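Please look over the sequence and coordinates before reading the points.

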Amino acid sequence: MGRLVPLLLLLTACSATPHHPTVELLKAKPGEEFTLALEGDPVSIEGTPYLLTFTRVIEDSRCASDVTCVWAGNARINIFVSDFSQTDNWPPGSNSVEIGGFIATLNTSPRFPTEGGDGHLMLELRRLAPEPKSGEQTRGYAVTLVATLK
């Protein structure tokens, strides 16, 4: 019982102390390539209030790497861009409120838009990995992007 009392006092003190977790963001520089994993950690663009998250693969009809196709196909993805420019809570922490944002829909085929943005930020899709293989479901998507500021 003598050991239990100090432990209980310590736990009580810890629970009474306000805790504000720090969010450690991955950062990318404008004009340089960076990679986002599907539903992985978001990336902030240095010097901006933008936070990017790879949220969805809408379609993936790319030609499998182990076959020959007439057409290369296309993959279409969504990147959610959070804009924290109207909040004092930048970088976003546990108390931040998402003020705005948009979804950039990008394609791997140059026959469709490979770039998208909002007038301040432009995203260019460089690569989507992994390449599909015949007879296998593609998993573990990651996209390589470049962000430029207007």
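In this predicted model, a polar atom of the Arg-62 side chain lies 2.9 Å from the backbone oxygen of Pro-130. The backbone oxygen of Leu-128 likewise lies 2.9 Å from a polar atom of that side chain.

- Arg-62 is located in the loop between E4 and E5.
- Arg-62 counts as buried because its relative accessibility is 15%, and the cut-off for buried is under 20%.
- Leaving out residues up to four places away in sequence, Arg-62 touches Ala-72, Gly-73, Asn-74, Ala-75, Thr-108, Leu-128, Pro-130, Glu-131, Pro-132 and Tyr-141.

**Nonpolar core**
- The largest nonpolar core comprises 24 residues, and Leu-52 and Ile-79 have the most contacts inside it.
- At least two residues of this core come from each of strands E2 (33–37), E3 (43–45), E4 (50–60), E5 (75–83), E6 (100–107), E8 (121–129) and E9 (142–149).

**Aromatic rings**
- The structure has zero aromatic pairs.
- A charge does sit over a ring: the charged end of Arg-76 is positioned over the ring of Phe-112, at 5.6 Å from the ring centre.

Key: Residues are numbered from 1 along each chain as its sequence is written. This is a predicted model: local features need pLDDT of at least 70, side-chain atom pairs count only at pLDDT 80 or more; totals for chains, interfaces and linings use all residues. Side-chain values use heavy atoms; hydrogens and water are left out. A nonpolar core is a set of buried Ala, Val, Leu, Ile, Met, Phe, Trp, Tyr and Cys residues joined through side-chain atoms within 4.5 Å. Buried means under 20% relative accessible area, exposed over 50%, partly exposed in between (1.4 Å probe, protein chains only). Helices (H or I, at least four residues) and strands (E, at least two) are DSSP runs, numbered from the N terminus. A polar contact is a pair of N or O atoms within 3.5 Å; within protein, one must be able to donate a hydrogen and the other to accept it, and residues adjacent in sequence count only if both atoms are side-chain atoms. Contact means heavy atoms within 4.5 Å. Rings of Phe, Tyr and Trp (its six-membered ring) pair if their centres lie within 6.5 Å; planes under 30 degrees apart count as stacked, over 60 as edge-to-face and the rest as tilted. A charge sits over a ring if NZ of Lys or CZ of Arg is within 6 Å of the ring centre and within 35 degrees of the ring normal.
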